[in-house]
Amino acid sequence: MVQCLFAGVGGQGIVLASKLTGTHFMNQGYHVRTTETIGMAQRGGSVTSHLRASKDPVYSPFVIAGKLDLLIALEPAEAVRNLKYLGENTKILVHTRPIKPVTDTLAKESYDPSDSIKALKNACPAVYVFDFQDLFEELGSDKVLNLAMLGAAIGLSSLPTTKEDMILTIREMIPERFLKMNLKAYETGFEKGQIYHRGK
């Protein structure tokens with residue numbers, strides 16, 4: 001059983017990352033269930049996507065608290081919001097760049113992302129921190145963060161698949177006009193994940 005959460009803010013492509021992963025697992029013969037919880041606004045609200053996949057039948061899409069295998073967080077505070085799901089062997093992949101969700105913006109509050117990273121490390125021994133700002137500047141867009149983080153997860157061997165097999169699913173699902181930049185993001189993320197993996 002693979003139990004995974006994708007967390008972030010509306011507009012970051014959380015649902016797409018989950019759908020790519022779920023479709024990939026189905027293509028590999030897994031039973032897959034997914035669901036999303038979306039905050040007060042689809043764009044700008046908190047978004048979490050649950051994904052459970054197994055070679056055996058899966059009857060519920062919701063990750064079981066204490067049984068989470070992998071948390072892929074595109075925003076630091078959103079990772080902290082999902083700490084209740086952590087298990088003994090959970091890996092957390094988190095991007096450092098903060099994006100305040102609508103609820104926090106309305107409250108006119110700000111936060112230091114380093115506090116969130118510290119909280120994550122205090123709660124989990126396997127936290128991997130990524131910064132893809134250079135990639136965003138190279139491509140002229142931060143909309144590829146979801147693919148970069150997915151690549152990082154596979155580079156870290158946090159999902160039971162290979163770089164090449166996931167590329168087949170990306171080519172299947174991403175429109176041609178966006179494919180080149182998304183593949184670049186995925187491969188960049190994979191390389192950064194590999195660096196972490198080799199450093200273990």
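**Salt bridges in this model**

Author: Let's start in helix 2, residues 76–81: arginine 81 and glutamate 78 both sit there, three residues apart, or about one turn of the helix. Keep in mind that this is a predicted model.

Reader: Hi! What do arginine 81 and glutamate 78 form?

Author: They form a salt bridge, and their closest N and O atoms are 2.8 Å apart.

Reader: Is glutamate 78 buried or exposed?

Author: Glutamate 78 counts as buried, because its relative accessibility is 1% and buried means under 20%.

Reader: Nice. How many salt bridges does the structure hold?

Author: Three. Another one joins the side chains of aspartate 142 and arginine 97, at 2.9 Å from N to O.

Reader: And where in the chain are those two?

Author: In distant parts, 45 residues apart. Aspartate 142 is in the loop between helix 5 (133–139) and helix 6 (145–155), while arginine 97 is in the loop between strand 5 (86–95) and helix 3 (102–106). Aspartate 142 is partly exposed at 28% relative accessibility, and arginine 97 is partly exposed at 34%.

Reader: Changing topic: which residue does lysine 184 pair with in a salt bridge?

Author: Glutamate 138, with the closest N and O atoms 3.7 Å apart. This pair also links distant parts of the chain: lysine 184 belongs to helix 8 (residues 176–198) and glutamate 138 to helix 5, 46 residues apart.

Reader: How does glutamate 138 count, buried or exposed?

Author: Exposed, at 54% relative accessibility. Lysine 184 counts as partly exposed, at 33%.

Notes
Residues numbered from 1 in each chain as written. Predicted model: local features only at pLDDT ≥ 70, side-chain atom pairs only at ≥ 80, totals over all residues. Heavy atoms only, no water. Salt bridge = Lys/Arg side-chain N within 4 Å of Asp/Glu carboxyl O. Helix = DSSP H or I, 4+ residues; strand = E, 2+ residues; numbered from the N terminus. Buried < 20%, exposed > 50% of the residue type's maximum accessible area, 1.4 Å probe, protein only.
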